[in-house]
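Come along and keep the picture beside you as you read.

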Amino acid sequence: MRRALWRCLVPLAMLQAAAAVSSGGACGPRRWQCANKDCIEAFSKCDGNAECADRSDEVASVCNQVPQTELSTGHSTEVRLQYDAAFGHPVFYMCDDSSCGRLAIEGANANGELQYWNSTGCNLRSGFCPDNQHVVPDGSREWSTGEYSFVAERRSSQLAVWLQGRPNRVASVSVPAASRVLKVRPWQWSADMPVQFKHRAVCGPRKWQCANGNCIDAFSKCDGRAECADGSDEFADVCNAVPSTDLNVGHSTEVQIIYDKDFVQPVFYMCDSSSCGRLAIEGANADGQLQYWKSTGCNVRSGFCSDNTHVVPDGSREWSPGEYSFVAERRSSQLAVWLQGRPNRVASVSVPAASRVLKVRPWQWSADMPVQFKHLAKKDACGKAQPGPSELVQDGDTAAVETVPWHAAIYVESSGRKDKEYVCGGSLVARCFVATAAHCVPEDAKMFVALGKFFSGWDSEDEPKIVKTRVKTVHKHAYYRGHANKQGYDIAVLELETCADPSDKVFPICLDGGVKPTSKSNIKIAGWGNETTTLPELESVNLSQLDFEDCFNSMSSNSAQLAYVTHDKFCAKRRKDTPRSGLLQGDSGGGALVKRDGAWFLAGIVSIRLHDDKLEDVYALTDVSQYVHWIKRLAKL
């Protein structure tokens, strides 16, 4: 007999609050009353940006009251809620200690397909998300007042939600790997929305539960042959949830997994539209030689393979529970896999010529196995520069163009003028695209970009490797509002009319969402900035990053400027051993660079100069790691 555990969250108080939703309380519908009696829009409550003058909309005692439950990878819970139209729509979200993934579910159609917003990179209060997608199926309608029952499931890299009884009509969103708590609240949080969680029974080790409640062997899930009577083990939304990443010929990716013995072994496979090649890696010996099955002629779900070979090196042992890091490389006709640091201990299998996607899952797929991909820069594909001085513009060091070949100069040609005025820096992220600050983009002027320049003037050099081009298209972040939102989302991508050919003076910088500057680490920035005039020669400086606590403490008495350290910013200051160096007005938009494994990566974009309690400069830089997906989508990377 299975026991169902219902978790009720102060139901009496919540039902009383729900009864007051329609009237909206003292402030009216979809409004919330601050402690000082002021009224604000209810969607601004607990969004990470104080709207109440007394900041009562962001205090922990208010914001921590959201209904929540633990939800580990591979587990699911039924979510019952009492909905009122004044709530706007229910919001499901999961966070780690730095960001959240969020689903705002607006309604559904007659087939149970959900209408929703999918948002990632949200702050810790699930607000101000930089990446948002709206899904509106045909015939969908917004919710009517009443009771609704959903199922929420934590998958390896996602939160999946569907209406009870409609497991093949899933809304999903990427959530941080370390997130373990599901929270549910109304979008218009004028009153609490009654929510109850009921954790669903599981079938036990190495078993998987069908949608109808029956249990099957977990290795039969998504093998191309239905074992569940209702066919739910082969539903596309279930089987397509396997962690995957693009992997073209000549490219490689690090694959980090968290292994449990009930998974038996991790499975790596690549498929075309008709067949797959598969590696099931069971363990390794002390020298890093892998024990594995290599299989070809598998069906499109990587099941029922026609040709299987077992490789067992001397002294090999099966995996123990823990974290493992592999490298997977797509070769001309093969998938090759090895343990990180053991590139001469390779397991390989033939894969279809047209296969371009690597998938990784457990052999016993009773629960999702946490998997993270970190693409490794193809040798010399980005971030390559000639060695320069350790101190690479106020009182900076002269910077050879070859040491920062991605640095771009941005110019404007205002109405009625033919000369081009230097305004900002930028960074070449692909042959035809430059990343810069949104505040560098004027509304009513023609824009131009030059690459490979040492002198700041547009006509100052005549060198064949210099690229000069008009800006074809400006992609300013949709949420950028300037000082109205404290320079949040201060990022833009410029598409160039003439693409740049790589050379020693012009070369793209690397992008990786996993690369961030660490506390007190050095950050390299180049530019021509000056307070009154543009510096004639390219210079660069090294700054030191501040962690959030140090930044907050240094500016605690300057709250007006501290507000500009938004959720997508990090702080930096001049290094103690370089008291005269710093950034100036013309350095906006320039790239803040960090070096990893011999390559340079774009970690930040110069946004705004602030002052701390001692009136010393503090620089707020846009955290590029939060926008890598957005940049790559625009730049077609």
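Predicted model: local features only at pLDDT ≥ 70, side-chain atom pairs only at ≥ 80, totals over all residues.

**Charges over rings**

I started with K45, which lies over the face of W189, at 4.1 Å from the ring centre. Then I looked up K468: its charged end sits over the ring of W458, 5.2 Å from the centre.

The mean pLDDT of the protein chain is 84, with 87% of its residues at 70 or more.

Next I turned to strand 6, residues 90-95, and found six of its six residues buried. In a regular strand, side chains alternate between the two faces of the sheet. Here P90, F92 and M94 point one way, while V91, Y93 and C95 point the other.

Which strands pair with strand 6? Strand 14 (residues 181-186) runs antiparallel to strand 6 and is joined to it by five bridges, with Y93 opposite K183. Strand 7 (residues 100-108) also pairs with strand 6 in the antiparallel sense over five bridges, and F92 has L103 as its bridge partner there. A hairpin of four residues joins strand 6 to strand 7.

**Aromatic rings**

I counted 16 aromatic pairs. One of them is Y83 with Y148, edge-to-face at 6.3 Å centre to centre and 75° between the planes. Y83 belongs to strand 5 (residues 76-83) and Y148 to strand 11 (residues 146-154), so I noted a link between distant parts of the chain, 65 residues apart.

Y627 is buried at 0% relative accessible area, and W630 counts as buried at 10%. Back at F92, I saw that ring pairs link it with Y83, F87, W143, Y148 and F150 into a cluster.

My last stop was a barrel of six strands, closing in the order 31-32-33-36-35-34 with antiparallel pairing. The twist averages 40° from one strand to the next. Strand 35 (residues 467-476) pairs with strand 36 (residues 492-496) over five bridges, and T473 has E495 as its bridge partner. Helix 6 (residues 628-635) lies across strands 32, 33, 35 and 36, at about 15° to strand 36.

Methods:
Residues numbered from 1 in each chain as written. Heavy atoms only, no water. pLDDT = per-residue confidence, 0-100. Pairing = 2+ DSSP bridges. Helix = DSSP H or I, 4+ residues; strand = E, 2+ residues; numbered from the N terminus. Axes fitted to C-alpha atoms, helices over the stretch in contact; angles between N-to-C directions. Contact = heavy atoms within 4.5 Å. Buried < 20%, exposed > 50% of the residue type's maximum accessible area, 1.4 Å probe, protein only. Phe/Tyr/Trp six-rings, centres within 6.5 Å; stacked < 30°, edge-to-face > 60°. Lys NZ or Arg CZ within 6 Å of the ring centre and 35° of its normal.
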